[in-house]
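Biologist: I'm new to this one, so please walk me through it. I'd like to hear what stands behind each label.

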Amino acid sequence: MESRRNGGAVLRGPARSSDVVHAGVTVVLLFAVWYAQALEVSVGKVNHLEAMNGSTVLLPCTYSSCIGIKNLFFSWHYNDNGTMIKLCEAVIHIEGVEPNVKIYHPRVDFVGSTKTHNISIRLWNISFEDDGEYICFARNPKEKYRNHSATYRLYVVDELKVVDNTLTVIIASVVGGVIGLIVLVMVLKALILFGLRKVNEKNKECLVSSTGNDNTENGLTGSKADNKATPKA
C-alpha cells in the first residue's frame with residue numbers, strides 16, 4: 001500500500017479513493033430521495049383525447065409532492081403553433097384551501113379541487129381552432145421552486161371514428177368459453193371423485209358386515225358353539 005508523508009500526516013491512496021466513492025454514493029442516494037419526493041404533475045395514463053366539434057371536454061391534470069406544498073403556483077397554456085396562450089393560473093397557498101383562479105379564456109372553467117390534488121379545467125364548445133397541445137404547469141416554492149409540466153393533446157374532429165370491436169368480442173367469447181369449459185370439467189371431476197369415494201366407503205362397509213356374518217354362522221369367534229359346556233359323563 002503506497003503512502004506519502006506530508007507534515008507528519010500520512011495520506012493513504014486507497015483510503016482516499018474509498019472516501020470519495022462513499023461520498024459519491026451518499027450524494028446519489030440523497031438526490032434519488034429528493035427526486036422521489038419532488039413535485040410532479042400528470043395528465044393521466046392517456047394523454048390525448050379525440051372530441052367532436054362543438055362538444056365540451058375535460059382537460060385533466062393532478063399534482064403530487066411527498067413533502068407537501070406551500071404557495072403552489074399552477075397554470076394552463078395552449079400551444080398555438082409555438083405561441084403559448086395563457087388559459088388560467090392560480091396559487092394554492094396550503095393543502096385543502098381552494099385557490100382563486102384567474103381565467104383568461106371565455107370558454108374555460110376550473111373544475112379541480114385541492115382536496116384531490118386536482119387542477120383540471122373544462123373547455124366549452126370546442127372548435128377546430130382548439131385542436132392542439134395544452135400544457136399543465138406547476139411550481140412549488142417549498143421544494144426550492146421546483147417545477148414540472150405535462151402535455152395533453154386534443155384532437156377536434158367533425159365525426160368520431162367507429163371502432164370495430166368484432167375481433168375483441170370474438171377473442172373475449174373464446175376466452176370466456178375456454179374458462180367456462182375448464183370450470184365445468186373441474187366440477188365434474190370433483191363430483192365423480194366424490195361419488196367414487198362414497199361407493200368405496202359403501203363397499204367397505206358391506207365387506208365388513210358380510211365377514212362378521214360368515215364368522216358367526218360358521219361357529220367361529222363369538223358363536224354359540226364355543227359357549228356350550230362340556231357334557232358330564
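Biologist: Why is cysteine 88 called buried?

Modeller: Its relative accessible area is 0%. Buried means under 20%, exposed means over 50%, and partly exposed is in between (1.4 Å probe, protein chains only). With 0%, cysteine 88 therefore counts as buried. One caution: this is a predicted model, where local features need pLDDT of at least 70, side-chain atom pairs count only at pLDDT 80 or more, and totals for chains, interfaces and linings use all residues. Residues are numbered from 1 along each chain as its sequence is written, and side-chain values use heavy atoms, with hydrogens and water left out.

Biologist: What makes cysteine 61 and cysteine 136 a disulfide?

Modeller: Their sulfurs are 2.0 Å apart, and a disulfide is a pair of cysteine sulfur atoms within 2.5 Å. So the pair qualifies, and the structure holds 1 disulfide. Cysteine 61 sits in the loop between β5 (57-59) and β6 (62-64) while cysteine 136 is in strand β12, so the bond ties together parts 75 residues apart in sequence. Strands here are DSSP runs of E with at least two residues, helices are runs of H or I with at least four, and both are numbered from the N terminus.

Biologist: Why is that disulfide called left-handed?

Modeller: Because the torsion about the S-S bond of cysteine 61 and cysteine 136 is about -80°.

Biologist: Why is the pair of phenylalanine 73 and phenylalanine 137 called edge-to-face?

Modeller: The ring centres are 6.4 Å apart and the planes are at 65°. Rings of Phe, Tyr and Trp (its six-membered ring) pair if their centres lie within 6.5 Å; planes under 30 degrees apart are stacked, over 60 edge-to-face, and the rest tilted. So this is an edge-to-face pair. It links strand β7 (residues 72-80) with strand β12 (residues 132-140), the two residues being 64 apart.

Biologist: What makes the pair of tyrosine 78 and tyrosine 134 tilted?

Modeller: Their planes are at 40°, with 4.9 Å centre to centre. Tyrosine 78 is in strand β7 and tyrosine 134 in strand β12. Tyrosine 78 is buried at 11%, and tyrosine 134 is buried at 2%.

**Charges**

Biologist: What makes arginine 153 and aspartate 131 a salt bridge?

Modeller: The N to O distance is 2.9 Å. A salt bridge is a side-chain nitrogen of Lys or Arg within 4 Å of a carboxyl oxygen of Asp or Glu, so arginine 153 and aspartate 131 meet the rule. The structure holds 4 salt bridges. Arginine 153 is partly exposed at 23%, and aspartate 131 is partly exposed at 24%.

Biologist: How do you know that arginine 122 and aspartate 109 form one too?

Modeller: Their closest N and O atoms are 3.8 Å apart. Arginine 122 is in strand β11 and aspartate 109 in strand β10 (residues 108-110), so the pair ties together parts 13 residues apart in sequence.

Biologist: Why is glutamate 129 called exposed?

Modeller: Because its relative accessibility is 69%. Glutamate 129 lies in the loop between β11 (121-123) and β12.
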